[in-house]
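Visitor: Could you take me in for a close look at a single part of this one? I'd like the surroundings of the ligand and whatever connects to them.

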Amino acid sequence: MDNFLATSLPIIQSPMAGVQNSTLTIAVSSAGGLGSLPCALLSIEELQIELNVLAQNNNRPFNANFFCHQPPKINPEREAKWRLELKPFFTELGMDIGNIPTEPNHQPFNHQMADVLEVYKPPVISFHFGLPSADLVKRVKSWGSTIISSATTVAEAQWLEANGADAIIAQGLEAGGHRGMFLSEDLTTQIGTFSLLPQIIKKVRIPVIAAGGISDAVSVSAAISLGASAVQVGTAYLLCTETDTSQIHRAAIKSDASHHTAITNLFSGRPARSIVNRVMTEIGPINQNTPEFPLALTAIRALKKQTEIAGIGDFSSLWCGQNATGCREISASEMTRSLATKL
Ligand SMILES: Cc1cc2nc3c(=O)[nH]c(=O)nc-3n(C[C@H](O)[C@H](O)[C@H](O)COP(=O)(O)O)c2cc1C
């Protein structure tokens, strides 16, 4: 136990909502890394179940991850424009877009979730899209949990430090999944990991974790050499045996399609990196009409469900970072150990 995360290895497995549960978390933590549990899509009951599984099967540090976006307001005009964009696809598939309800989902971190967490007191709690309100930050800290959150710019890192984060994840532009950006919507502010990392290290006093494009022992060692206190790795774990990555997603990662990823807002309303597929090519990757996060995902999810039955990923969010070279179909324990071999 020799670092600020109280783990033997400075390796955090990225929380990856939609493709993993506590099985991956346990595998990584038991190998000496920090396994993460993505909680953004869990109901209160599911959160309790997963934390219970961890309490019974894991005695090592782990991280519970939440989103902390502002809850969206439904904007009927924007919703109508978005549905008009998607209508040709619904027609092609013989589906009625009028049958899809507009409903909020993905609750941001709140006191109800904190009530459940308080029982288990995860050693680390990470947030995406900033931090929750000051009273929630205070509450989480009162149990002794370490708080970490993603910054995609120097300004975000300074904001996080000033508002209670204990460490910062410098999320470079290469990263798979959602951009953690929360102070600006301007994508031109987003820069690569090895440019962002030293700039953030210069401006904050708390530990900085490098994330984005780190996929093997050499890149882990490079990030640590650049001053990172730890790394957060997501994409490299996507093919590991303990993940729930779908067959469609796996096939895309294993194919040359993974050489072409892009930042898209089509799947949720917020920018995220996915392997480029049909819907991203035809109406994106960035579309001005997407409803506010996470409202955009409801209608497109119906197309995804319908086409995935036939093994087609045209409407699937194929989250993947720019560097999938480290993806291997091995156990997550082996992956974790192999990432650390040059430290
Ligand atoms: C499939 C996938 C899902 C993700 N889901 C989340 C999430 O639920 N919460 C979060 O904080 N970050 C999420 N991320 C982003 C990661 O925290 C991290 O920034 C990223 O994995 C690092 O870059 P890499 O994928 O190149 O290793 C996700 C990334 C991927 C690839």
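Guide: Here is a walk from the ligand to a sheet, and then to one residue in a helix. This is a predicted model, where local features need pLDDT of at least 70, side-chain atom pairs count only at pLDDT 80 or more, and totals for chains, interfaces and linings use all residues. Residues are numbered from 1 along each chain as its sequence is written.

Around the ligand there are 27 residues, and A17, G176, G177, G234 and G321 come nearest (a residue is near if its C-beta atom, placed from the backbone, lies within 6 Å). Two elements give two or more residues to this shell, β7 (177-178) and β9 (230-233); strands are DSSP runs of E with at least two residues, helices are runs of H or I with at least four, and both are numbered from the N terminus. By class, the shell has 12 nonpolar, 14 polar and 1 charged residues (Ala, Val, Leu, Ile, Met, Phe, Trp, Tyr, Cys and Pro are nonpolar, Asp, Glu, Lys and Arg charged, the others, Gly among them, polar).

Now follow β7 into its open sheet of 3 strands, ordered β7-β11-β10 with antiparallel pairing. β7 and β10 (261-264) are the edges, each with a single partner strand, so one side of each has no neighbour in the sheet. β7 pairs with β11 (residues 272-275) over 2 bridges (pairing takes at least two DSSP bridges), and G177 has R273 as its bridge partner in β11.

Last stop: I253, in helix α9 (residues 247-254). I253 counts as buried because it has 20 C-beta neighbours inside 10 Å (buried means 20 or more other C-beta atoms within 10 Å, exposed 12 or fewer, partly exposed in between, with C-beta atoms placed from the backbone). Its C-alpha atom is 8.2 Å from that of L239, 14 residues away along the chain.
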